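Me: I would like to learn how to read a structure, one feature at a time. Could you take me through this one?

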Amino acid sequence: MWSARKVDDEYIVSIEDKTSIVDALTDFVTKKEITAGEISGLGAVNKAILRYFDPATKQYVDKTFSEQMEISNLVGNISVSEGEPLLHLHITLGRSDYSAIAGHLMDANVRGACELFVRPLNTVAKKIFKPEIGLKFYDF
Ligand code: FE
């Protein structure tokens with residue numbers, strides 16, 4: 001599903017072809033017991049589910065894109081919510097016509113490579129849900 005090499009305090013992570021990015025990253029942060037940190041990366045996918053949040057209505061709008069796309073940027077953070085690892089991931093995807101789509105990443109299927117850097121931080125970054133806004137926030 002994934003392979004990784006630790007270099008100093010960071011990991012180089014490779015997610016396998018035909019693998020869910022969110023499943024692989026969730027498995028990685030769980031096994032490495034990472035409770036705070038930063039993720040960045042690139043790669044390619046053939047399917048992605050993106051989410052758009054409307055604060056006015058607190059509604060999530062999810063949309064699936066089933067086509068081969070480049071991950072021109074994947075950025076995210078790692079925290080803990082209700083005792084479980086929480087990944088907050090955003091992605092920019094390049095289409096075959098070189099246009100881009102972007103949004104909150106719900107999941108995506110690797111088709112080709114997916115190369116990430118994961119930078120753990122030596123703390124527990126807890127998040128709690130604020131119903132008045134409809135999102136999870138850091139609880140500092
Ligand atoms: Fe988001």
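Me: Let us start with K31. Is K31 buried or exposed?

Reply: This is a predicted model. A residue is called exposed when its relative accessible area is over 50%. K31 has a relative accessible area of 56%, so K31 is exposed. D27 reaches 23%, so D27 counts as partly exposed.

Me: What do the side chains of D27 and K31 form?

Reply: The general idea comes first. Side chains of opposite charge can pair when their charged atoms come close. Here the side chains of D27 and K31 meet in a salt bridge, with 3.0 Å from N to O. Both residues belong to helix α1, which covers residues 21–31. They are four residues apart, about one turn of the helix.

Me: How many salt bridges does a search of the whole structure find?

Reply: The search finds seven. One of them joins D62 and R51, whose closest N and O atoms are 2.7 Å apart. This pair links distant parts of the chain: D62 sits in strand β4 (residues 59–65) and R51 in strand β3 (residues 37–54), eleven residues apart. D62 is partly exposed, with a relative accessible area of 39%. R51 is partly exposed as well, at 22%.

Me: Where in the chain are D139 and K126?

Reply: D139 is in the segment after β9 (135–138), and K126 is in the loop between β7 and β8 (127–130). The two are 13 residues apart, and the pair links distant parts of the chain. D139 forms a salt bridge with K126, and their closest N and O atoms are 3.9 Å apart. The cut-off for a salt bridge is 4 Å, so a pair at this distance is still counted. D139 counts as partly exposed at 36% relative accessibility, and K126 counts as partly exposed at 42%.

Me: How accessible are H88 and H104?

Reply: H88 has a relative accessible area of 30%, so H88 is partly exposed.

Me: How does one look for empty space?

Reply: Rolling a probe the size of a water molecule over the atoms shows where empty space is left. In this structure the largest pocket has a volume of about 560 Å³. It is lined by 20 residues, and the closest to its centre are R51, L86, L87, H88 and H104. H88 and H104 also coordinate the iron ion, and R51 is the salt-bridge partner of D62.

Me: Which element gives the largest share of the lining of the largest pocket?

Reply: The largest share comes from β6, with six residues. The elements that give two or more residues to this lining are α1, β3, β6, β7, β8 and β9.

Me: Which residues form a nonpolar patch on the surface?

Reply: V7, I12 and F117 form it, and together they have about 240 Å² of accessible area. F117 is in strand β7. With a relative accessible area of 39%, F117 is partly exposed.

Me: Last, the backbone. What is the phi of E33?

Reply: Phi of E33 is near 55°, a positive value in a residue other than glycine. E33 lies in the loop between α1 and β3, and counts as exposed at 66% relative accessibility. E82 has a positive phi of about 50°, although E82 is not a glycine. E82 is found in the loop between β5 (69–81) and β6, and counts as exposed at 72% relative accessibility.

Conventions
Residues numbered from 1 in each chain as written. Predicted model: local features only at pLDDT ≥ 70, side-chain atom pairs only at ≥ 80, totals over all residues. Heavy atoms only, no water. Donors = N, O, S within 2.8 Å, 3.2 Å for Na, K, Ca; no water. Buried < 20%, exposed > 50% of the residue type's maximum accessible area, 1.4 Å probe, protein only. Patch = residues over 30% accessible without salt bridge, like charges linked within 9 Å, V, L, I, M, F, W, Y side chains within 5 Å. Areas by Shrake-Rupley, 256 points an atom, 1.4 Å probe, with all protein chains shown as cover. 1 Å grid on protein atoms, 1.4 Å probe; cavity = no way out; pocket = protein on both sides within 12 Å on 5 of 7 lines; lining within 4 Å. Points joined across faces, edges and corners; volume = space filled by probe spheres on them.
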